[in-house]
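I set out to record what I looked up in this structure. The entries cover charged pairs, helices and nonpolar cores.

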Amino acid sequence: MTLNGFITLLRPEPGETTAVGTLGPSGTSSEVAATLLAHRLATPGGATAPVRLFDTYEEAGAALHAREVTHVVVANAYKAVHHFYMDQALDLSDVFVMDTPLYGIAVRRDAGPVPVSPTVASHPSPVPIIDQLLSSQHTSYKVIHCDSTSAAARAAVEGTADLALTTVPAAELHGLEFISRTRPIRMVWSVFTRPAPPGQSGRAA
């Protein structure tokens with residue numbers, strides 16, 4: 001479910017091409033949220049803004065500072081999101097609520113039996129739902145932190161972890177199968193831009 005609650009839709013400066021940056025690689029919830037914003041930013045009859053994926057939110061923020069993108073989408077559940085809010089060179093221009101793609105515990109299709117105490121790759125933010133999804137037969141587990149849900153899926157593929165807490169798009173991309181039920185996470189997403197030039201309100205027409 002998506003609840004559009006945009007405050008503003010800041011358009012790029014004259015001659016600047018709109019581009020949305022966020023956390024990658026492909027398959028992350030952030031990519032889905034950024035794609036939603038890109039569609040909202042499109043002018044009537046115009047092309048949808050491209051979405052650029054970065055290894056970390058901080059790299060996406062650096063690209064915004066460098067004018068390589070015009071907007072950056074950050075999940076409010078991200079533990080270091082406060083750095084974006086405190087950055088005087090950035091403006092909070094949009095806020096919206098969007099359900100993430102379905103999350104679940106996934107395993108490589110050709111993997112053997114899951115250990116009694118498995119290692120689970122996960123982005124730090126959704127770690128609390130591992131207890132909700134992991135089978136009760138696994139009374140203990142070790143979490144391996146990854147930079148994104150897609151990176152967590154890749155860790156399971158590469159054998160760095162026995163399991164991955166990841167999304168349906170990332171699991172499909174990396175050829176994993178779910179061994180748990182799946183559920184979305186309702187999340188607030190913040191959009192950051194560079195401040196509007198003096199005399200430009202930043203409000204969409």
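Predicted model: local features only at pLDDT ≥ 70, side-chain atom pairs only at ≥ 80, totals over all residues.

I take buried as under 20% relative accessible area, exposed as over 50%, and partly exposed as in between, with a 1.4 Å probe and protein chains only. Residues are numbered from 1 along each chain as its sequence is written, and side-chain values use heavy atoms, with hydrogens and water left out.

**Entry 1: salt bridges**

I looked up the salt bridges (a side-chain nitrogen of Lys or Arg within 4 Å of a carboxyl oxygen of Asp or Glu) and found three. In general, side chains of opposite charge can pair when their charged atoms come close.

Glu68 and Arg52 pair at 3.8 Å, N to O. Glu68 sits in the loop between helix 2 (57–65) and strand 4 (71–75), and Arg52 in strand 3 (residues 51–54), so that 16 residues separate the partners and the pair links distant parts of the chain. Helices (H or I, at least four residues) and strands (E, at least two) are DSSP runs, numbered from the N terminus. Glu68 is partly exposed at 44% relative accessible area, and Arg52 is partly exposed at 35%.

Arg186 and Asp99 form another bridge, with their closest N and O atoms 2.7 Å apart. This pair also links distant parts of the chain: Arg186 lies in strand 11 (residues 186–193) and Asp99 in strand 5 (residues 91–99), 87 residues apart. I noted Asp99 as buried, with a relative accessible area of 15%.

Arg108 and Asp110 meet at 2.6 Å, N to O. Arg108 is partly exposed at 29%, whereas Asp110 is exposed at 60%.

**Entry 2: helix 1**

Helix 1 (residues 29–41) has 13 residues. I find 19 Å from its first C-alpha to its last, close to the 18 Å expected; the expected span is 1.5 Å times one less than the number of residues. Its buried residues include Ser29, Ala33, Leu37 and Leu41. An α-helix has 3.6 residues a turn, so residues three or four places apart point the same way.

Which residues does Ser29 contact, leaving aside its neighbours within four places in sequence? With contact meaning heavy atoms within 4.5 Å, they are Met98, Thr100, Pro101, Tyr103, Thr149, Thr167 and Trp189. Ser29 counts as buried, at 4% relative accessibility.

**Entry 3: helix 5**

Helix 5 (residues 149–158) is mostly covered, with seven of its 10 residues buried. Among them are Thr149, Ser150 and Ala151. The cover includes helix 1, strand 6 (103–108), strand 7 (119–122) and helix 6 (168–174). Gly159 follows helix 5, and its phi is positive, near 85 degrees.

**Entry 4: nonpolar cores**

A nonpolar core is a set of buried Ala, Val, Leu, Ile, Met, Phe, Trp, Tyr and Cys residues joined through side-chain atoms within 4.5 Å. The largest has 42 residues, of which Tyr57, Val73, Val74, Ile105, Leu165 and Trp189 touch the most other members. Helix 1 supplies the largest share of this core, five residues. Not counting residues up to four places away in sequence, Val73 touches residues including Ala33, Ala34 and Leu37, as well as Tyr57 and Trp189.
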